[in-house]
Amino acid sequence: MTAATHVYGQAVEKLFDLGKADRIFGIESDLTSASPGSLAYARQFAAARRPTETGGRMSRVYAIESTPTLLGAKADHRLAMRPDEIVAALRCLAGLLGAGPGEWTQAENAHAAWLKAAADDLNQNKGRALLHAGREQAVEVHVLTDVINHSLGAHGSTINLIAPIEAMPGSKQQSISELAADMASGKVDTLIIIGPNPVYDAPPELDFAARLRGVPFSVSLARYDDETAVACKWRVPASHEYESWSDARAFDGTVTILQPQARPLYGGHSGHEILAVLLGDSSPDSYKLLRDFWQQRAQEENRGDFDDFWHKALQVGIVADTAASPQSLTPKADTITQLQGTSAAAKPALQALFRADEGNWDGRYANNPWLLEMPRAFTRLTWDNAALIAPGTARRLGLKTGDVVEIAFAKAKLKAPVYVLPGQAADCVTLPLGWGRTVSGLASGAGFNAYAARGADTAWADGITSLTRTGETFRLATTQDQDRVLGRDLVLEGELDQFNSDPGKIVPPKKTESLYPPFQYPDRAWAMSIDLDSCIGCQACVVACQAENNVPIVGKDQVLAGRAMHWLRIDRYYSGSADTPDIAFEPMPCMHCEQAPCEVVCPVHATVHDHEGLNLMVYNRCVGTRFCSNNCPYKVRRFNFYGYANENDRPAESWNPEVTVRDRGVMEKCTYCIQRIRTTQIDAAKGDRKIGDGEVRTACQQSCPTQAIVFGDRNDRDSAVAKRKASPIDYVLLDELNTRPRTSYTALIRNRNPAIKNSET
Amino acid sequence: MAITLTNELPPEAPVVAPDVSLTSLSEDVSGRVLIDRAPRWWWVGFGISVALFAILIIQMAWLFINGIGVWGVEIPVAWGFAIAEYVWWIALASGGTIVSALFFLTRSPWPSATNRIAESMLLSAAPCAGLMPIMHLGRPGLFYWLFPYSNVMGVWPQMRSPLLWDFVCLLCYILMSVMYYYAGILPDLATVRDLAKTRSKQIFYGILALGWRGSVAEWRNQRVVYAIMSAIMAPMVISVHSVVGLDYAGGLTPGWHDTQFPPYFFFGAVISGTAVIIMLTILVRWGYSLQNVLTEYHFNAMAKVMLVGSLMLCYAYVWEAFGPLYGSDVADKTESYQRMFGFTAPLFLLCGGLLIATVARNGSRRRARSGRRSTGWPGKRRKPIAIS
């Protein structure tokens, strides 16, 4: 039984309005990272947390979680808890807020003071607060969350309930278990698998591979030779979403028509076409199928002239008036009484948490090299997953990062390297899913397959019977070795009341003295501003930059050798204790210093300054002395130690034709997407007009869900970037070197609850 | 004659053994050059050298085919062995020049004996030093773009870059070194020509000797040229290694950005160059049985140079540690601490220990006892000596 049926007696989905939420309480929440609508939520979330733009107001975030989430990293108060502690904490919170029986507050709780302060704060912000629990949480957690939300008056203000947008809501676990049972009993003679990869990710006790082999006629429609395709009798190449016509529903129910961007590169077919063939259409065309469907539906819904409707939907991108309307529901009266009998979740000595990987997700993106090499937000790991363990637990078990352990469950065992992750809950071992693929491809052999130990009933958490060191070690390729700022002014942060009273305390005044007169930039001065409050560490900019600028991947060996090529990286810094650290994300593109240290040391003029303040790379002039990289205090330059781009086996269509592909022995770095600047400049010159603000958008800016990155002309006083830079908490990195970077940062502001002592956060 | 290292040679101590006369010296030394069949040990040494050279060729081919990723350099440590070796070779070359030029200029009575060795070493080391930066480059074939010449790109090298100063210095230094060596060796080539027995050797050395006849006018000219070149070479060698130091001091990198680097590098060059000269001199003295000519007088003098060099380098080490401590830069402090106590601690302690050992060894006053081989550590009675 799902939480929604438990609470409301029917399936519902929730829409959140983070713009209205002054208090957000996340329970290992994936609201800004992975839940449906996370991009929109992330944007609302960040917009409400930019005190410079909101007149000194920002939301306050509490987080309790077993493994760090992106929302938890942004939390003003965060506690790492085991899953059983989370249940206890929520019960306590429910009791404090009057949503549950008062005796729930009597139970002993190590965080009672913290919870009391949080409850008071939530209570004072009724109607402007919300709780959100991540998908991995137990049903009880979701039920408690719904009940507390209801008592806080969140429903109807910060949360709207809608009918489920899925065509068939319900337990997928149950569905596949039934299928497996039918296959075992020989009831299935034809199985057509469109998309998923159950041989890889179905619970091991279903023994899906063997049962699939027993099915007389099986077909897989997949883009790759994945584990399921190999096990099927027949394989059909699938087209990508960008290669065929289709439609889809967004998180709020809005319908969009998906248009192909290219003809199928490898002769793939879409699911629509395969289904049409099964229905007897011998030469299906996904465009015609889709158009016919919508013609019929438009007629049913009386949407007027179909051609007008169709073209408008394609032009706007969405089908008008298809968003789900909010429903008014109240929890069933016996919701809490049903819970009262159940005791708090059991507390095993050690437990494993199964979580989707940030990049590979459930494994479906495991063959995307950009995602394989994308450093994960917290671990900074590439090309591997690892068993994540809290520093205290690792100390107790005598483990350190790179040790290989054997993790035994009641029915399964697996071997995994350990990564010690600050902010992880004690006694919890997070096992990222989506790795350990076996069928050929880039991801084969990378990481370990946590599905092998993930039973149908223990999908998100399972007790570990034993965890033993094997004595082996494994080299994990992280891109960041230093977790702390070590006294350098890299991440400036302050409190909200400090910001409102004396922002000069947060950011010391800029020093601008120099023996030399500054360069003048009379026309345009391109500049970037990055808001540390808004950066949620999602890594979208990193991959967008890689795609836009033809940045090659280098592979695990080269990442280990310190040669990752990302032009833009997101540094992750911890402060405070290792067990419950404060976390900060800091995107680092090229700073485009006005007095660039890299430029003076290049003997061949390969890196030079232009009249608009861009720090340019002239690839053809570079002889590869690498002095510029040595002299860059921000370490944002990247070098082609080998011919990475040549070695990357990728179709010509995948390279950006506007950007030079760099050869071996050449230095490269962020250019502020100069190809976009030049294209716009040429366009503006042809039209004899000025370039408007926001007309040039860098790839990182464009892909940032939270608008943390703003780019434009600093000389234009009305531009977004000039306004950001006028903020009292705008600062540049390593100011004392007098490099005068064009990329500046807005300091991190935390909105702490005065009732919670700092020692407890 | 056994080598007895001592600090206490009387002022009138003979430079060479008493039985050596000018004529016997010429014949003795030339005889070793004009030998018909090289001794077996020479072939063994030559074989080892050729083998090492073959390895170099293979490694260079490997490097140029695969790219400079093979060096193991990365971001942020973008400079590695190639640059370290470059600094090392250029230090050896500089040390050779210093020994030969400074002792000539200070009118030491003994220059020729070790000068040939020192200059030969510098002539071998300088091309090695020149090769390393090329092997360091990402696109080695384009190293000549650092050379200021009028090219189709219309781009001149960038005068603000220490690498360009380095390139210019190194180029001048190699050219000057060749000429300096040649100016010094000219009379010796004539001597060998005169003593050569076979026609081919007479022609070979005759051409090299440029018609040297040993007249007073020629000797005077040679002395003047050599003196002038010594006077140029001495500051030049200081400049060349100082500019190598500027490659680092000119950068912002923590641990590099230090005003003492130019003299620091020069100090390092003096000590390492002199040390290699001493080692080579020992080998040559032993291999060619030149005990009569290369006496403890020479070793004593070179040991003093080592001592002075070690003291200078000690000063630089102390200062290098003091700078970050006195300054407020966190990065500098961290770098300094990590170098002394972090990953590189063993290497740092080895270098520092050797340095202190050199000073302690040289600085201990011991009375030499004739016939006693002094290879051990200094005795118990240690007193500082006055360095004059």
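**Exercise 1. A mixed sheet in chain A**

Task: In which order do the four strands of the open, mixed sheet of chain A lie, and which are its edge strands?

Solution. 
- Step 1: Read the order. In this predicted model, four strands of chain A make an open sheet, running E29-E22-E31-E30. Their pairing is mixed.
- Step 2: Find the edges. Strand E29 (709-713) and strand E30 (730-731) of chain A each pair on one side only.
- Step 3: Look at one pair. E30(A) joins strand E31 (residues 743-746) of chain A in the antiparallel sense, over two bridges.
- Step 4: A:Tyr731 has A:Tyr745 of E31(A) opposite.

**Exercise 2. A parallel sheet in chain A**

Task: Describe the open sheet E7-E8-E9 of chain A: what is the sense of its pairing?

Solution. 
- Step 1: Name the sense. The three strands pair in parallel, in the order E7-E8-E9.
- Step 2: Find the edges. Strand E7 (190-194) and strand E9 (234-237) of chain A are the edge strands.
- Step 3: From one strand to the next, the twist averages 15 degrees.
- Step 4: Look at one pair. Strand E8 (residues 217-222) of chain A pairs with E9(A) over four bridges, again in the parallel sense.
- Step 5: A:Val219 faces A:Trp234 in E9(A).

**Exercise 3. The overall form of chain A**

Task: Why does the radius of gyration of chain A agree with that of a compact globule?

Solution. 
- Step 1: For 761 residues, a compact globule would have a radius of gyration near 27 Å.
- Step 2: Compare. Chain A has 27 Å, so the two agree.
- Step 3: The C-alpha trace of chain A covers about 80 × 70 × 65 Å along its principal axes.
- Step 4: Check burial. Of the 761 residues of chain A, 47% are buried.
- Step 5: Check the contacts. Take those in chain A with a separation of 6 or more: 71% join residues 24 or more positions apart.
- Step 6: Count the elements. Chain A holds 26 helices and 32 strands.

**Exercise 4. Where chain B touches chain A**

Task: How many residues does each chain bring to the contact, and which helix gives the most on the side of chain B?

Solution. 
- Step 1: Count by chain. Chain A brings 34 residues and chain B brings 31 residues.
- Step 2: Find the helices. On the side of chain B that touches chain A, helix H5 (162-195) and helix H10 (330-341) of chain B each supply at least two residues.
- Step 3: Pick the top one. H5(B) gives the most to this side, with four residues.
- Step 4: Sort by class. The side of chain B that touches chain A has 19 nonpolar, nine polar and three charged residues.

Methods. Residues numbered from 1 in each chain as written. Chains lettered and ligands numbered in written order. Predicted model: local features only at pLDDT ≥ 70, side-chain atom pairs only at ≥ 80, totals over all residues. Pairing = 2+ DSSP bridges. Axes fitted to C-alpha atoms, helices over the stretch in contact; angles between N-to-C directions. Contact = placed C-beta atoms within 7 Å. Nonpolar A, V, L, I, M, F, W, Y, C, P; charged D, E, K, R; others polar. Rg over C-alpha atoms; globule rule 2.2 N^0.38 Å. Buried ≥ 20, exposed ≤ 12 C-beta atoms within 10 Å, placed from the backbone.
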